[in-house]
Each structure stands twice: as C-alpha cells, then as structure tokens.
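Subject: Structure handover

Hello,

Here is the structure for your files, with the sequence alongside. My notes on it follow below.

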Amino acid sequence: MNVYDSKRIGDILHNMGYAETSVLHDADLIILNTCHIREKAAEKVFSDLGRIKKIKDERASEGKTTVIGVIGCVVQAEDEEIARRVPYVDFAMGPLTYHRLPETLLNISRRQGTTIIDTEFPAEAKFDFLPENSSLGGCSFLAIQEGCNNFCTYCVVPYTRGAEYSRPVADVIGEAKKLVATGSLEINLLGQNVNSYHGEDVFGKERNIAYLIRELAKIDGLKRIRYTTSYPADINDDLIACHKDIDILMPYLHLPIQSGSNKILKAMNRRHTAEDYLKVVEKLKKANPKIGMSSDFIVGFPGETDEDFQATLDVVNEVKYIQAYSFKYSKRPGTPAAVFNNQVLEKIKEERLQILQNLLFSYQLKFNKESIGKIMPVLFDMKGRHKGQLLGRTPYMQNLHADLDASFFNKIVDIKVTNATTNSLSGEIIKG
Ligand code: 5AD
Ligand code: SF4
C-alpha cells in the first residue's frame, strides 16, 4: 500500500510541475512516506530525517531552500513527536490526507516556524481528489479499499488508516480500464482487508471483490489479476469460485494466518481458528490445484509458549507455503497487546524467528527448485541486476532474471526456468 501511496504522491507532484531526481542533494522537495507497523520501521524515519537535515543544511549554505515533508502512518501516530523531535520538517500528513498536498505546499512559505500537520480523518475520500493513476506499464497497483475494522490486538492499522472504506465499483472499473489502456498488463487490487471490499455499484447495490474480479476479467488487454491482502475469515465461496473460473486470476494468494495456535489467535483477536484457515486453503486448492500460498507470521506474541510456536510450525508443514513474511512481535504504543503482562523475551523471539524462517525458506527453495525445467509466462517490468538483463515475475510472484533486450520490457514472455535459489529464478526465452 505504501508503494501505491508513494506512486500517487508522485502523480500529484508531476501534475504540479515537479520532476523526479535520483540525487537527493538536487531535490528542492524531499518527502518520506512512512510505515508504523513495527518499531524498527518507525524509528528508521527519524534516523533518515537526520541524514536529510544535513542535506538541507548543506543546500542552505549554497543559498538553496529545501522543503522536507513526512507522510504516512508514522505521522498519524506520532504527529506531536515529529513536531518536537524534528522541527525542521516543514509539513507532516497522515495517509488519508495526502491529496491535500498541493494546498500544503502552497502554505509552506506562509508557515511560522512550526511544522504544518494534517492528521485529520477527512470526511472526503482522498481517491476522489487524486489525479489519474497513470500507468507505468507492466504491473499496476489499484487501491480498492483502505482501513481496517478488525482491531487485531498487535496492530496499528485501524488507528493509522482508520475505518474500512470501499471505493465505488464504477471508480475501480474506470481506473482499471485506464490503466490497461495505458499499458498495464497486470492489476493488483489493494487493501488492508481487500477481500472485505463492499463498494456500491451505480444502483447503490453493494458488490464484493468476486464481482470486481469478474468485471475486471472482461477488460480487453488485461492479462493478470491479483489481490492483496486478504483476511481469512472474509474469504467466501464466491471468491474461492473465482480461483476456478477466472483464468487470469493468478494462482498465488497471500493469506496471513499470523499464528497456528488457537489460543494465540484468540489473544490476537483474530476471527478465525487454525482449522478455519486450513479449511479455506483446502477449498482454494480444490478450486485451483495449482494455487501457491503465502502468509504473514508473528512469533513471540505475548503468552506464546513452545507448544503454541510448534502449532505455527505445524501449519507451515501442512500448507507448504511457497513464500512468506515472518516477524518478531513488536510492541506498538496504543495497541492492547503492548500492555499484556506476558511478553516473550527478545532472545526467545529471535530463536523462534530463526527456526520459522529456516522452515519457510526450505519450502520456498523446494518450490523454486521444482520450477526448473518448466516453461512459465513472465511479465518483465524491471531492469535486471546486470546489463542486458530484465527482471520479471512469474504467476507465482517469483522474481525471474533473463538475458533479454529492452524490446521485451513490459511484455509477458514464455521463459524456460534454468536455475533457482531461495529468492529468485533465472531462465531463458523459448526460441520459436
Ligand atoms: N509486530 C510484528 N508484526 C506485526 N504485523 C503487524 N503488526 C505487527 C506487530 N506489532 C505484521 C502482521 C501483518 C503484517 C503486515 O505485519 O504479520 O500481517
Ligand atoms: Fe492489522 Fe490486518 Fe489485523 Fe487489520 S486485519 S488489524 S490490518 S493485522
């Protein structure tokens, strides 16, 4: 979602006449888009700002002004901290107000020393005020939903991104059509809780994500659809059927379970048990036997015992994830779990993370190795590591490098996989 937000912030700035530079020292305006999900991400903002302040000072000695802005969830959660700790920041805006960036930038010259802060949860939907989501070709993100009502006890999202909001169906379809018309081959529907989407159609009828996927699949020229991130309890049979019926819906699903222990899931305030989750996975695999699963895991949540942790490993052994993200539990101020009195020792969290990651990586490597010799359609939309190389994504979101010239950029090409590591594949084009 932050990649999407950064892109949209870029769209606003382009419209205002700004051009991008890759040299920080050349920038008249520097904006950090920030994440508050774990402590490490949030603290990084302050250390990055320290470095940016030095650039601002250097440029000042050359007679140049530099405007510094901070946007995103760190601002929503720590606006006072920003004004106090880093007063040289000119403006700070939450993730729901960045559509007001043009007015904010106009007000910078009028500011009286203090940082301009905009952390309102606005009545208007920012999507109605953003410029067109210009396609960069290849794969595009399309936010259909934002915010979350689930209040998992470890998570800041309901506080930083606010209550769930679903964009109207017509807006989503219109944006998708424009993206495809301007070169997108793949659309990834985004939301913190994407599968609880319930946007209204033009008749005021609420439609779900399965409806959207079926409508999107009718768009001529669209080759791939994905959706991220789903909440297990909100996956219904309609959505599962899409994995059977819609051939351009990719056979890969990121479906976070967080923990395999029902006791921990309850303490996390998740609305599903491990059994519920496994049942959904089974149905998905029945709908599309080729589907590959991905998940998020938290280890060391307060009260997690060795048995609870073992239950998480059991789920991994059962589902055999082809890819996954795993984190040590991080206390977030203002969330219920931060004050639970049964916190797990850091050392134990570290040990468990290591064990979990070793297991996850072993399945990931196995899946990647099994890809060797197969022919896969790969969408190339990134530059490769070396000159003359392009980097693309397989249907399973695996990174794949191939020696290809620029004429293959933003194309889907049949590639024979020749090599695999835990994190990437390499392959060669099938000569016709
Ligand atoms: N500590 C560790 N991981 C967290 N996540 C969310 N909040 C926390 C936290 N306090 C993880 C969850 C979520 C992912 C985006 O980040 O696994 O799915
Ligand atoms: Fe956070 Fe996801 Fe839980 Fe919502 S469902 S509170 S975004 S972890």
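Predicted model: local features only at pLDDT ≥ 70, side-chain atom pairs only at ≥ 80, totals over all residues.

Setting aside neighbours within four places in sequence, Phe 129 has contacts with His 99 and Glu 124. Glu 103 is 26 residues from Phe 129 along the chain, and the C-alpha atoms of the two are separated by 12 Å.

In one of them, Asp 5 pairs with Lys 126, with 3.7 Å between the closest N and O atoms. That pair links distant parts of the chain, since Asp 5 belongs to helix 1 (residues 2-15) and Lys 126 to the loop between strand 4 (116-118) and strand 5 (138-143), 121 residues apart. Both Asp 5 and Lys 126 are buried.

In the other, the side chains of Lys 178 and Glu 132 meet at 3.6 Å, N to O. This pair also links distant parts of the chain: Lys 178 is in helix 6 (residues 169-181), Glu 132 is in the loop between strand 4 and strand 5, and 46 residues separate them. Are the two partners buried or exposed? Lys 178 has a relative accessibility of 42% and therefore counts as partly exposed. Glu 132, at 52%, counts as exposed because the cut-off for that class is over 50%.

The chain as a whole

The secondary structure consists of 12 helices and 19 strands. The radius of gyration is 23 Å, close to the 22 Å that the globule rule gives for 432 residues, so the chain is as compact as a globular protein of that length. Along its principal axes, the C-alpha trace spans about 60 × 60 × 50 Å.

Of the 432 residues, 52% count as buried. The chain exposes about 20,300 Å², and carbon and sulfur atoms supply 53% of that area. If we take contacts between residues at least 6 apart in sequence, 71% of them join residues at least 24 apart.

Charges and other salt bridges

How many positive and negative side chains does the chain have? There are 55 positive and 56 negative ones, and the centres of the two sets lie 4 Å apart. A search of the whole structure finds 37 salt bridges.

One of these joins Lys 366 to Glu 370, with the closest N and O atoms 3.1 Å apart. Lys 366 and Glu 370 are separated by about one helical turn, because they are 4 residues apart in helix 12 (residues 346-370). Lys 366 is partly exposed, with a relative accessibility of 49%, and Glu 370 is partly exposed too, at 43%.

There is also a network of salt bridges, which links Lys 7, Arg 8, Asp 11, Arg 167 and Glu 175.

Backbone points to check

Which residues does a cis peptide bond join? The bond is between Thr 228 and Thr 229, and its omega is about 0°. Thr 229 is in the loop between strand 11 (224-228) and helix 8 (237-245).

Two residues other than glycine have a positive phi. For Phe 151 the value is about 50°. Phe 151 is placed in the loop between strand 6 (145-146) and helix 5 (157-160), and with 36% relative accessibility it counts as partly exposed. For Lys 320, phi is near 55°. Lys 320 is found in the loop between helix 11 (306-319) and strand 14 (323-328), and at 45% relative accessibility it is partly exposed.

One more residue

Glu 282 has its place in helix 10 (residues 274-287). Its relative accessible area is 56%, so Glu 282 is exposed. Ser 47 is 235 residues from Glu 282 along the chain, and their C-alpha atoms are separated by 45 Å.

Regards

Note on methods. Residues numbered from 1 in each chain as written. Chains lettered and ligands numbered in written order. Heavy atoms only, no water. Rg over C-alpha atoms; globule rule 2.2 N^0.38 Å. Buried < 20%, exposed > 50% of the residue type's maximum accessible area, 1.4 Å probe, protein only. Contact = heavy atoms within 4.5 Å. Areas by Shrake-Rupley, 256 points an atom, 1.4 Å probe, with all protein chains shown as cover. Lys, Arg positive; Asp, Glu negative; His and termini not counted. Charge placed at Lys NZ, Arg CZ, Asp CG, Glu CD. Salt bridge = Lys/Arg side-chain N within 4 Å of Asp/Glu carboxyl O.
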